[in-house]
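Keep the 3D view open while you read.

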Amino acid sequence: MIKKIISIIIVLTIGFSYYPTSIGKNGVVSSSSVHASDIGIAVLQSGGNAIDAAIAVGFALGVTFPNAGNIGGGGFMVLRLANGEVSTIDFREVAPLLSDRDMFLDDSSRVIRGKSLYSAFASGVPGTVAGFGYAHEKYGTKSWESLIEPSINLAYNGFKITTRDADYLNSARRFLSRDKEASEIFVPKKKHKVGDLLIQTDLANTLKRISMYGYREFYQGLTSRRIIQCMNRTNGIISKEDLLTYKPVERKPVEFEYKGYKIYSMPPASSGGICLAEILNQIEPMNIETFDYHSPEHVQLIVEAERRAYADRAEYMGDMDFVEVPIEELISDEYALMRFTDFDFDIAMPSANIGPGLSSSYKESPETTHYSVVDKWGNAVSVTTTLNGKYGNGIVVDGAGFLLNNEMDDFSIKPGHPNKYGLIGKEANSIQPKKRMLSSMTPTIVENPSGELVLVLGSPGGSTIITTVAQIIINIIDYNMSISEAVSAPRFHHQWLPDVVFYEDGGLPTKTIKALKDKGYVFHKRKSIGEANCIQIPSNGVIFGAADSRRQASTKAY
Ligand code: DON
């Protein structure tokens with residue numbers, strides 16, 4: 001209560017620190033940080049396109065949202081040019097050359113607790129800077145320096161932190177104190193409070209170098225040497241060669257239709273696009289729109305489709321450069337029909353009875369970040385990027401001011417052993433040098449049946465990312481919600497194992513929960529699921545931004 005009153009006083013005296021909705025005619029940016037969204041809009045206003053703005057926003061998040069925004073992590077970008085061409089850029093981290101399948105197991109093949117999350121071994125080779133560099137060389141129009149400059153200034157001069165930022169940083173004090181570099185930057189003697197300036201001089205200098213010498217500086221220049229110095233200090237295994245050989249990959253999107261709408265999403269190394277297609281394809285013939293929103297039937301249809309998609313995720317999905325992923329089969333309508341033949345409104349299908357379909361308890365915290373951008377020409381960009389865990393592995397690169405990821409935990413570190421998000425995997429997602437760990441990030445773009453751009457979507461939330469995106473699409477297409485309603489609507493989630501329906505506290509009607517419990521479903525409450533920062537473009541020339549108030553994100557428009 002006291003906290004609420006203080007927030008109201010702050011809002012009345014210094015204004016809002018976040019903006020959940022926006023409307024514009026020219027361009028919109030929806031991101032986790034008000035500073036990043038402002039920077040993106042400024043790029044658009046000065047004539048940059050959506051790709052330019054997305055790069056500038058990405059760097060800004062690395063400064064103002066250090067728990068997830070990054071230059072020491074990786075991510076995925078889906079982009080649709082105004083001419084209708086769609087592509088994706090995979091800048092996921094890769095396993096270092098010195099990694100091996102059993103690196104997180106002891107001599108008795110038991111998982112060494114915490115090693116894949118909280119040690120220097122947890123880091124994959126960072127891909128973010130190369131991803132932005134690649135996107136800029138191929139699709140950007142503004143100078144590289146101009147896109148990074150606002151972030152350099154924010155890092156040098158500092159920015160005023162919000163209540164949310166202070167809460168995130170204070171809750172990680174102990175974790176960030178373990179590393180001397182991280183501690184110097186993020187753990188002052190007194191706890192952070194709203195309005196404090198967060199100054200990051202080392203990060204500013206790193207960004208300055210990347211700006212002056214280009215993105216390769218991160219992999220070949222002083223920054224790369226600082227990373228190696230950090231590896232020597234912390235006994236990590238990322239080598240000079242790992243950095244020199246890192247490459248982002250441009251890939252064809254996963255592409256499928258839902259009720260006449262064309263959906264483009266991320267192929268492996270993310271499982272996002274395939275699972276999204278599987279979920280929506282299974283639901284498509286079931287006339288979900290005829291059931292009341294959040295009625296037992298509505299929830300059950302989605303839960304059962306999610307269960308089956310995640311069972312396939314565990315079996316078939318991994319980096320396509322290492323394993324063959326049967327994408328076309330998995331995303332086909334025929335497969336979805338076959339997969340859903342044992343669906344029955346009368347019972348909860350136990351996950352134990354659901355294997356892979358082809359013939360052969362965790363707590364969410366703000367750890368990933370999604371942003372969406374649309375410009376006045378109709379170019380659209382959807383980016384999800386992460387360090388994996390909140391503040392990654394908590395290690396800041398020596399003198400370079402940025403945190404390293406702990407993405408190695410997204411591999412199946414032992415077949416059947418759940419990762420941080422309770423997801424299990426098998427051989428397809430085992431560790432191999434230079435392999436990308438399987439992700440759930442689901443940056444997505446939707447066209448209406450006339451082929452026009454209508455939605456730019458995505459979310460953080462680990463395993464819940466895919467189901468968050470699926471439910472927003474259903475909310476809009478089947479229940480005619482606006483983007484703000486669709487983003488705010490309470491969410492639920494099933495991921496095959498554990499065999500549990502997670503739901504947002506207070507988010508589902510008690511009657512629905514009771515009816516489904518009677519059929520055998522088990523429910524677990526979660527504080528919140530996802531943070532979807534999205535954009536909707538109805539065909540009346542107006543663009544709507546929606547930023548998720550669950551984590552106080554901000555959308556801006558002009
Ligand atoms: O790539 C993935 O699927 C995870 N590393 C994403 C982590 C995440 O979304 C954390 N956010 N709450």
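Start with Asn475, which sits in helix α18, residues 464-477. Helices (DSSP runs of H or I, at least four residues) and strands (runs of E, at least two) are numbered from the N terminus. Before going on, note that this is a predicted model, where local features need pLDDT of at least 70, side-chain atom pairs count only at pLDDT 80 or more, and totals for chains, interfaces and linings use all residues. Residues are numbered from 1 along each chain as its sequence is written, and side-chain values use heavy atoms, with hydrogens and water left out.

Is Asn475 buried or exposed? It counts as buried, because its relative accessibility is 3%; buried means under 20% relative accessible area, exposed means over 50%, and partly exposed is in between, using a 1.4 Å probe and protein chains only. The side chain of Asn475 also reaches the backbone oxygen of Ala486 at 3.2 Å.

Most residues other than glycine have a negative phi, and most peptide bonds are trans. Asn235 isn't a glycine, yet its phi is positive, about 65°. You'll find Asn235 in the loop between α12 (222-234) and α13 (240-245), and at 55% relative accessibility it counts as exposed. Tyr391 has a positive phi too, near 60°. Its place is the loop between β11 (380-386) and β12 (444-447), but Tyr391 counts as buried, at 1% relative accessibility.

What about cis peptide bonds? One joins Pro268 and Ala269, with omega about 20°, and Ala269 lies in the loop between β9 (261-265) and α14 (272-283). The bond from Leu497 to Pro498 is cis as well, with omega near -5°. Pro498 belongs to the loop between β14 (492-493) and β15 (501-504).

Finally, look at the ligand. How many residues surround the ligand? There are 17, and the closest are Thr368, Asp410, Ser439, Ser440 and Gly462; a residue is counted if one of its heavy atoms lies within 4 Å. By class, this shell has 4 nonpolar, 8 polar and 5 charged residues. Here Ala, Val, Leu, Ile, Met, Phe, Trp, Tyr, Cys and Pro count as nonpolar, Asp, Glu, Lys and Arg as charged, and the others, Gly among them, as polar. An N or O atom in the side chain of Asn388 is 2.7 Å from a nitrogen atom of the ligand, while a backbone N or O atom of Gly462 is 2.7 Å from a ligand oxygen.

Notes
Polar contact = N/O pair within 3.5 Å; in protein donor to acceptor, adjacent residues only side chain to side chain.
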